[in-house]
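Please open the structure in a viewer and keep the selection tool at hand.

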Amino acid sequence: MRSGLVGRSYAMLFASAGYDVRVYDASKEQLQRAVADMEQQLSALAADGLQRGCLTVQQTMAHVTATDSLEDCVTGARYIQECVPEDKDLKRGVWQKIDDMMESSDVVMASSTSGIVPSLLSDHLRHRHRFLVAHPANPPMLNPMVELVPAPWTDPSAVAEARTLMEQVGQVPIVLKREIEGFVQARIQAAIFHVAWQLIAEDYVDPLDVETAMHEGVGAWYAFMGPFSAEHINANGWLDLCSKYAQVVHRVQQTFSPPQPMQGPAATRLARELERWTPRDRLAERCAWRDRCMAALLRLRQTLDREEQEAEQPVS
């Protein structure tokens, strides 16, 4: 795997579960920064009680080896996670090199791409039957969902092995039955962008009020359950909700305008509002704040899950 932000996260996840991990980057300086950053992140997670597995920071880092040799990185691997920038030709080239170096046909080959369907990255590979997408939510150490997306020729055993590995390291995989543009998470985000953009572009509401509708409204539900389960418990079951509101929902959906590019005066107005909320020179601070909020939410969810499990235990 590569030593960028996603690559570092995957390395920490796998090493925390006791797997030996080799991290590759062509730049030795980048590798040094990556190793130092991983140790710092693991220490911060441990201080918050959010470390994965039962290893100490030092024990986890002992499972990480950095190398500037791609061949050394992939030789003997049972799972390869590619995390290079989101460029189709770059990814295809990297995978061609890896494919040429592979000695075994049993290796799982996974890409972290956030939007390129796996068939476009693997159709030229000898071992394409072992290829899939393993796209994490961000940041992976605090946001455990990972999308597993097979190409049309991916062997189901490769998907099953990737799913088992992700579960072992504490991630929560969702498995697509077949590839589709945007996978699951990005398609849902695109749908939200579509509706929210219409409300702003057609001047129904101020931009930050759309933000408020999410984080002070439905977002509170969605931190703990999905859209269907939230409505299932709001009504007397899902079919009861459908009988009462299906036509209302459909009527609202029919008012959605065709998708429009997010540009022009509305984009300028939205950017101005967002930069009042967080100026561009303070984005790193806001990201750190977001991560602290997500860590607090993760701790809360862990506590609630533990309390629910204890409540379900039979009393002897």
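A cavity here is a set of grid points where a 1.4 Å probe fits but cannot get out, and its lining residues have an atom within 4 Å of a point. The model under view is predicted.

**The cavity.** Select S16, L42, Q51, R52, L55, T56, V57 and T60, which line the largest cavity. By the rule applied, the count is 1 cavity of 30 Å³ or more. The space in the largest cavity is about 40 Å³. Its lining consists of 3 nonpolar, 4 polar and 1 charged residues.

**A loop residue.** Next, select D25, located in the loop that runs between β1 (21–24) and α2 (28–47). Is D25 buried or exposed? D25 counts as buried because its relative accessibility is 5%, and buried means under 20%.

**The nonpolar cores.** Move on to Y10, F14, Y79 and A134. In the largest nonpolar core, which has 33 residues, these four touch the most other members. Helix α1 (residues 5–16) contributes the most to this core, with 6 residues. Then select V84, M102, L125 and F131, which are among the 17 residues of another core, lying apart from the largest one.

**The domains.** Finally, colour the chain by its domain assignment, which gives domain 1 (5–182) and domain 2 (185–277). How far apart do the C-alpha centres of domain 1 and domain 2 lie? The distance between these centres is 32 Å.

How values were computed: Residues numbered from 1 in each chain as written. Predicted model: local features only at pLDDT ≥ 70, side-chain atom pairs only at ≥ 80, totals over all residues. Heavy atoms only, no water. 1 Å grid on protein atoms, 1.4 Å probe; cavity = no way out; pocket = protein on both sides within 12 Å on 5 of 7 lines; lining within 4 Å. Points joined across faces, edges and corners; volume = space filled by probe spheres on them. Nonpolar A, V, L, I, M, F, W, Y, C, P; charged D, E, K, R; others polar. Helix = DSSP H or I, 4+ residues; strand = E, 2+ residues; numbered from the N terminus. Buried < 20%, exposed > 50% of the residue type's maximum accessible area, 1.4 Å probe, protein only. Domains from an automatic or database assignment. Core = buried A, V, L, I, M, F, W, Y, C linked by side-chain atoms within 4.5 Å.
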